[in-house]
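Reader: Hello! I am new to this structure and would like a guided tour. Could you take me through it step by step?

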Amino acid sequence: MPSEKQILTVSEITRQIKFSLEQSFPRIWIQGEISNFKRHTSGHIYFTLKDEGAQISATLWRSRVANLLFDPQDGMKVIARGAIAVYPPRGTYQIDVEQLQPLGVGELQLAFERLKKKLSDEGLFDEEHKKPIPEYPEHIGIITSETGAALQDIRSVLSRRFPSLEVILAPVRVQGAGAAEEIAAAMSDMNTYGDVDVIIVGRGGGSLEDLWAFNEEIVARAIYDSKIPVISAVGHEIDFSIADFVADLRAPTPSAAAEMVVRDRSELIDIIANICYTMQGNVDDRISSLRDRIQNLIASYSFNRPKDLLRESVQRIDELERSLSRIFSHVFQLTNQRYATIQHSLESLSPKKVLKRGYTIVRKDGRVIASAKVLHEGDRATVQFHDGDVKTKVEE
Amino acid sequence: MSSKKSPKHSFEDSLKRLEAIVESLEQGSVPLDEAVELYEEGILLAKECGEKLKTTELKIKKLTKDINGQFQLTDSDAE
């Protein structure tokens, strides 16, 4: 029989066990296979870790579920980091998991493939959902870490190629707990804000775990839901992320994304110079060809025909005038001659000329007397000679 | 969705318009006075585009939400 002093209550021994165990295993790594996986409505996850010879209960509190890089399932081999905890009401011990990782990269790869297949089956990667990237964006949204290499890379490429841009940065954590949620929220914020033409989302290279946020479903769905075209730019060239598949355009690196999103400034200056040159040349050509046409018209036969006609008419008028004046002077001459002849004949017919030849005209009371019978004795008459009149009296 | 803030034409619009102008001019079917108008418009647009290309400093703004959920743009500290 043990001494009275050594008799403990259940609670007391449990407390001692709890103290002893929890102090001995505050931070341990356990490797095992998941079984009895249960996600409680409260959000906490309960499961058992086992191997061939033993098993241990495990809990993953809701606050840490967000840190999971993958979707744990029964049968999956994992490494759990955490502390041993004793649960006095049931007298059980368990591991209070802080971090859960698939065992080896193979498991992460499996998780990746599983999500990829799921989203692919849902059509999230379909070409028909891809939005065209604007050719000349002026407002570029970037979702990445404010302190990361990706932002610096993008910044330097944009500064060199096409600096007349507005870059809107939504700073997020790109790895670790909560990164995926922040990226997804930033994607939605960019869309609500609206005044960006294209979004670049990404980060510099890293391990598969580092890049994991870009393999999360929540990020994939946020990219898919974006009304603004999204370019993914995750890690180095060889790494493909789920974000890459769902994005409208995949850039192998952040620098490449910047190269793709804007054209080179000097190239654009050339294009515009070319346009000006073409416009100028075109208008010059048109003006000079029109000028030629006008000159051809002026020189053309038809255009000059009216002038010719005019000239001909003028000439004709001149000719007519000349012949008219010729005719006129001829007529005038003729008239003059005829006039002289007539005058001559008239003169020869004049009675004065007859009088000169010795004839006389007898008048009685102003009337010419052409017969002797008209005169009687005692009549007074006037006899006209060529050089004067004589008054006479008829005697018989 | 918020509206675009760009006061003038966007670079893309200007460039597309320029290309359209060149195309109409090249076709040669527009009357001369119209062609001259197109040309004048084109030169103005080209000048506008040229001005934009002259900018050498990249502007980076940080998008944040205030406590009321309103978006704010602040200068980025990232240098």
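**A first look at the two chains**

Author: Gladly! In chain B, which has 79 residues, 23% are buried. Please keep in mind that this is a predicted model.

Reader: Which pattern does chain B follow along its sequence?

Author: Chain B has two helices and two strands. Read along the sequence, their pattern is α-α-β-β.

Reader: And how many helices and strands does chain A have?

Author: Chain A has 396 residues, and 27% of them count as buried. Among its contacts between residues at least 6 apart in sequence, 62% join residues at least 24 apart. Its secondary structure comes to eleven helices and 14 strands.

**Where the chains meet**

Reader: Which element of chain A gives the most to the side that touches chain B?

Author: Let's start with the whole interface: 35 residues of chain A are in contact with 38 residues of chain B. On the chain A side, the elements giving two or more residues are helix 4 (149-161), strand 7 (166-171), helix 5 (179-193) and helix 9 (265-299). By class, this side has 20 nonpolar, six polar and nine charged residues. The element that gives the most, with twelve residues, is helix 9 of chain A.

Reader: What is the bridge partner of A:Val167 in strand 1 of chain B?

Author: Strand 7 of chain A and strand 1 of chain B (residues 59-65) run parallel and are joined by four bridges. In that strand of chain B, A:Val167 has as its bridge partner B:Ile60.

Reader: Which strand of chain B do the buried residues of helix 4 of chain A pack against?

Author: Helix 4 of chain A has 13 residues and reaches 18 Å from its first C-alpha to its last, close to the 18 Å expected at 1.5 Å a residue. Its buried residues are A:Ala150, A:Leu151, A:Asp153, A:Ile154, A:Arg155, A:Val157 and A:Leu158. Within chain A, these pack against strand 6 (139-144), strand 7, strand 8 (198-203), strand 9 (230-234) and helix 8 (254-261). In chain B, they pack against strand 1.

Reader: What is the bridge partner of A:Thr382 in strand 14 of chain A?

Author: Strand 13 of chain A (residues 380-385) pairs with strand 14 over six bridges in the antiparallel sense. In strand 14, the bridge partner of A:Thr382 is A:Lys391.

Reader: Is A:His376 buried or exposed?

Author: A:His376 is in the loop between strand 12 and strand 13 of chain A. Its C-alpha atom is separated by 6.7 Å from that of A:Val394, 18 residues apart along the chain. With 9 other C-beta atoms within 10 Å, A:His376 falls under the limit of 12 or fewer, so the word for it is exposed.

Reader: What is the phi of A:Asn36, and what is the phi of A:Asp365?

Author: A:Asn36 is in strand 1 of chain A (residues 28-39) and is partly exposed, with 13 other C-beta atoms within 10 Å. A:Asp365 is in the loop between strand 11 (361-364) and strand 12 of chain A, and is exposed, with 9 other C-beta atoms within 10 Å. Each has a positive phi in a residue other than glycine. For A:Asn36 the value is near 50 degrees, and for A:Asp365 it is near 55 degrees.

Conventions. Residues numbered from 1 in each chain as written. Chains lettered and ligands numbered in written order. Predicted model: local features only at pLDDT ≥ 70, side-chain atom pairs only at ≥ 80, totals over all residues. Pairing = 2+ DSSP bridges. Buried ≥ 20, exposed ≤ 12 C-beta atoms within 10 Å, placed from the backbone. Contact = placed C-beta atoms within 7 Å. Nonpolar A, V, L, I, M, F, W, Y, C, P; charged D, E, K, R; others polar. Expected span 1.5 Å × (residues − 1).
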